[in-house]
Amino acid sequence: MFHDASKSPTKLKARPITRKWTIVGCLDFAAYLFIVGAMISASPPGHAASADFRAGAAMVDITPTNFPIRTAGNLVITVANKAIDPLNVRALVLDDGRKQVAIAVVDSCMVDREAIDAAKAAARRVTGIPIERMLISSTHTHTAPAAYSCHGNDAEPDYVEFLIPRIAQAIIEAWRNRVPARVGWGKGECPQFVHCRRWIMQPGTAQNPPVAFTGQATNLAMMNPGFGNTNKIRQTGPVDTAVTVLSVQTADGKPLGLLANYSTHYAGVSEAGLSADYFGEFCRVMAKELGVEEGKPFVALMSNGTSGDANCVDFTKPNWKNDRFMVARAVADAALEALKAARYQEWVPLAMVEQKRAFKVRRPSRKDVAAARDYLAKNVGDRPIRTWEENYARETVKMADWPTRKEIKLQALRIGDFAIGTTPCETYGSTGLAIKQASPFSLTMVIELANGCNGYLPPPDQFELGGYTTWRARSSYLEIGAEPKIRDSVVSLLKRIDKDKKPRSK
Ligand SMILES: [Zn+2]
């Protein structure tokens, strides 16, 4: 068990929601927009006279209290006996006087839809913020307790129970902490630590577990081929080098919150234990650089962009070095640069939409499952898996009873002329760049592993190259054609909330 009375979250008691505006109290929102829409789009700051823009931030510790604990993100079973640095849920609530939106980022490798929906429901009961206006994503640190069963590490059920109320608590506290605020945004660049980790290899030299266990006949691409591997030819796709930042200040200009986004996988730690990786370190560096203490009341959130095919390592440089401190420092420098250009606005409109879409699952056939069962009985028995081959045999068996379709959630969120699009998948850099390019907003952030975790999302042409991210498992199972459909849906959602139809400024 992970419960510790001293760390118990606030009891989730209903609290009345006070509405600042009364003009529209008895009108539905569409009618309200029709009546005053022109006024809002013509002069947003003027609206501040009747409704303040408010924001609040909060962070809640989610470091487990019981060890040892299985961690996520590794092929073979990995157990942590201590925490190197704290894990947190970090939340931001924005309120334009008409609508409230909540954004939370969890120091976890992946959290599934069920747990996230439970946290949202608990937060809604207290705050009244509709579930479709809550965005909860995972940082994808690979040194957090397993909250989703995948590869060699099954989820720790007690930890998931511990996590759910704490995610809700972070949103509730951020909502309670709301004060008059202003927002600005900007974009920096940090090409140093984002590199495509998939390489096209000389024929016959890429890793190739038996086809029956991965569903992938051709494998020309290989992940992390190594520095000295002379069989690597070229990387399989582009990466997104942007550091995108939304900054929130109090009405008198003091740092209140910050949501950043960068598209690299994780940096890793040099000793065994739990860590929020560079995501947590970035938040600490930003607080220090801005001259404030974390959580009092400033909180930074570092979300993962589109890093499904990217990591920190440049395999063209044999003496390459990176660690979480180096990555955090470089990304923080880019974020600080971005903030210099931020123009703060006293009031901006908020809008958020959500779409649920179902996709076919690449399920193993009965024959595949029988072959995998036979293989595991002969070669593995009750011991933990040790090799890629054993892992994919196990994944095949684990997916035997999966449904033929899975529903996923997509979202788009607007904060003035700054937008966020989300996917619940480990999304490729090319997808993120395409969404940003097609977005009608002047600056767009794309957050992956948001509102669930539905595996890797390789574009269809990447399935032709094969490699780890295409191999069928609980980490990669959506239909081959899912990526263009998801990309188009996110762009459509962004266009739907672009009521002002502002031209792109860059
Ligand atoms: Zn990963």
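## Terms and model

Two residues are in contact if their C-beta atoms, placed from the backbone, lie within 7 Å. The model is predicted: local features need pLDDT of at least 70, side-chain atom pairs count only at pLDDT 80 or more, and totals for chains, interfaces and linings use all residues. Residues are numbered from 1 along each chain as its sequence is written.

## Overall make-up

The protein has 12 helices and 21 strands; these are DSSP runs (helices H or I, at least four residues; strands E, at least two), numbered from the N terminus. Of its 506 residues, 52% are buried. Buried means that 20 or more other C-beta atoms lie within 10 Å of a residue's own, exposed 12 or fewer, and partly exposed in between.

## Pro 384

Pro 384 sits in the loop between helix 8 (366-379) and helix 9 (388-398). It counts as exposed because it has 12 C-beta neighbours inside 10 Å. Beyond its neighbours within four places in sequence, Pro 384 is in contact with Val 76, Ile 77 and Gly 152. Gly 152 is 232 residues away in sequence, yet the C-alpha to C-alpha distance is 7.3 Å.

## Helix 4

Helix 4 is largely enclosed by the rest of the structure, because 16 of its 20 residues are buried.

An open sheet of 4 strands has the order 16-17-18-20, with mixed pairing; strands pair if DSSP finds at least two bridges between them. Strand 16 (350-360) and strand 20 (443-447) are the edges, each pairing on one side only.

Strand 18 (residues 418-422) and strand 20 pair in the parallel sense over 5 bridges. Gly 421 has Val 446 in strand 20 as its bridge partner.
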